[in-house]
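Student: I would like to go through this model with you. Could we begin with the surface and then turn to the details?

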Amino acid sequence: MNRTLSTLVLAASLTAAAKAQSADTAIKLNQIQLIGTHNSYHAGIAPSESKLWQGKYADAYKGLDYQHQPLPQQFDSGVRQIEIDIYADAKGGRYAHPTGPKNVEAAGLPADPDFDPKGLMLQPGFKVMHVQDVDYRSTCQPFTGCLQQIRHWSLGHPNHAPIFILVETKQDRPGSTNPLHLTETEPFTAATFDALDAEIRSIFSPGELITPDDVRGRYKTLNEAVLAGNWPTLAKARGKVVFLMDQHAMTPVYLEGHAGLHERVIFTNSTPGDPDAAFLERNDGPASDISALVRQGYLIRARTDSDTKEARVNNTATRDAMIASGAQLLSTDYPVNEPARWDGHFVVTLPEGGEARCNPINAPANCTLDTLKK
């Protein structure tokens with residue numbers, strides 16, 4: 001290649017890079033769309049326990065009959081939103097002895113592999129599982145262990161699109177008459193949430209997080225900031241994580257002592273117009289409502305499938321409607337590397353593939369697939 005041609009090629013490359021960088025600084029965090037996973041830690045129920053639950057509660061078991069790859073593998077495949085269910089365990093040991101293995105022994109079935117060979121469940125701190133005593137195996141444990149995996153992957157991929165971490169606080173109160181003899185859970189109070197924020201901050205530095213304070217900026221309320229489009233740009237959000245609260249019912253508790261989410265880590269699942277409103281769950285749509293909220297500036301999580309129902313018959317109607325709605329976070333049990341095993345092999349991917357795409361509802365005109373690639 002002669003010098004003139006080399007110069008032209010270099011100039012073209014620099015121009016393309018400059019355009020991509022310029023677009024990256026013009027695209028906001030809420031103007032992209034990502035694939036996420038539901039109960040992302042879910043390792044599935046062990047063989048002998050599966051046989052027991054399937055025999056006793058066949059219909060309920062169908063909704064639990066899925067599992068996910070470890071978090072780093074999900075990120076490698078392009079997943080950028082995960083969901084982690086947590087149980088408070090301030091003293092440690094509350095969930096260390098589930099009834100599942102005892103039921104297997106009583107039924108005369110082969111023992112399943114030890115679910116906690118390192119004794120992590122004995123230590124104080126938040127634990128990760130779906131249903132205590134029934135569906136309690138996780139690909140990462142405890143909560144800080146999951147966060148460490150996320151941070152390690154993130155540091156190794158510094159230009160990744162932001163990772164959204166949906167946190168569901170589990171505090172079912174089964175009572176003394178429950179037939180499954182589920183362990184009594186520890187309630188979440190404002191102090192419990194202080195401890196949760198502290199665990200998150202013990203793993204991630206301030207520069208690795210996008211918090212409500214970052215989005216609020218100079219505005220009086222977080223809601224005002226969101227409606228004014230004050231989400232950070234994609235360029236500033238790359239390589240960072242965003243924590244979101246799953247249950248709307250826990251919003252008032254999390255706000256105690258932190259009006260408007262001042263100095264909190266997690267964005268609440270709120271109501272449009274409330275001072276803390278930025279993130280909303282609209283798991284079941286309808287798509288038209290989601291699109292309207294996206295246009296206003298809110299960040300929306302929707303589910304493309306649930307309880308294996310759509311996957312078993314390859315029903316793509318909900319999936320396609322949620323993708324078209326503009327919901328930024330599309331949660332599924334079947335991302336690209338984990339298609340359903342039933343006929344049709346139900347799977348959820350972005351139409352153009354990749355880790356992110358320009359949001360079909362609110363992305364600016366200069367947003368293209370090439371500008372999102374890093």
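Tutor: Accessible areas come from the Shrake-Rupley method with a 1.4 Å probe, and for residues only the protein chains shown count as cover. The accessible surface of the protein chain comes to about 16200 Å², and 54% of that belongs to carbon and sulfur atoms. This is a predicted model, in which local features need pLDDT of at least 70 and side-chain atom pairs count only at pLDDT 80 or more, while totals for chains, interfaces and linings use all residues. Residues are numbered from 1 along each chain as its sequence is written, and side-chain values use heavy atoms, with hydrogens and water left out.

Student: What share of the 374 residues counts as buried?

Tutor: Buried residues make up 53% of the protein chain, where buried means under 20% relative accessible area with a 1.4 Å probe, protein chains only.

Student: Switching to R80, where does it lie?

Tutor: R80 sits in the loop between α4 (71–76) and β2 (81–87); helices (H or I, at least four residues) and strands (E, at least two) are DSSP runs, numbered from the N terminus.

Student: And is R80 buried or exposed?

Tutor: R80 counts as buried because its relative accessibility is 5%. A polar atom of its side chain lies 2.8 Å from the backbone oxygen of F75.

Student: Which residues is R80 in contact with?

Tutor: Leaving aside neighbours within four places in sequence, R80 has contacts (heavy atoms within 4.5 Å) that include L34, W153, H160 and E355.

Student: Which residues of α2 are buried?

Tutor: In helix α2 (residues 47–56), they are S48, E49, S50, L52 and W53. Their cover includes α3 (58–62) and α5 (100–106).

Definitions and conventions: Buried < 20%, exposed > 50% of the residue type's maximum accessible area, 1.4 Å probe, protein only. Polar contact = N/O pair within 3.5 Å; in protein donor to acceptor, adjacent residues only side chain to side chain.
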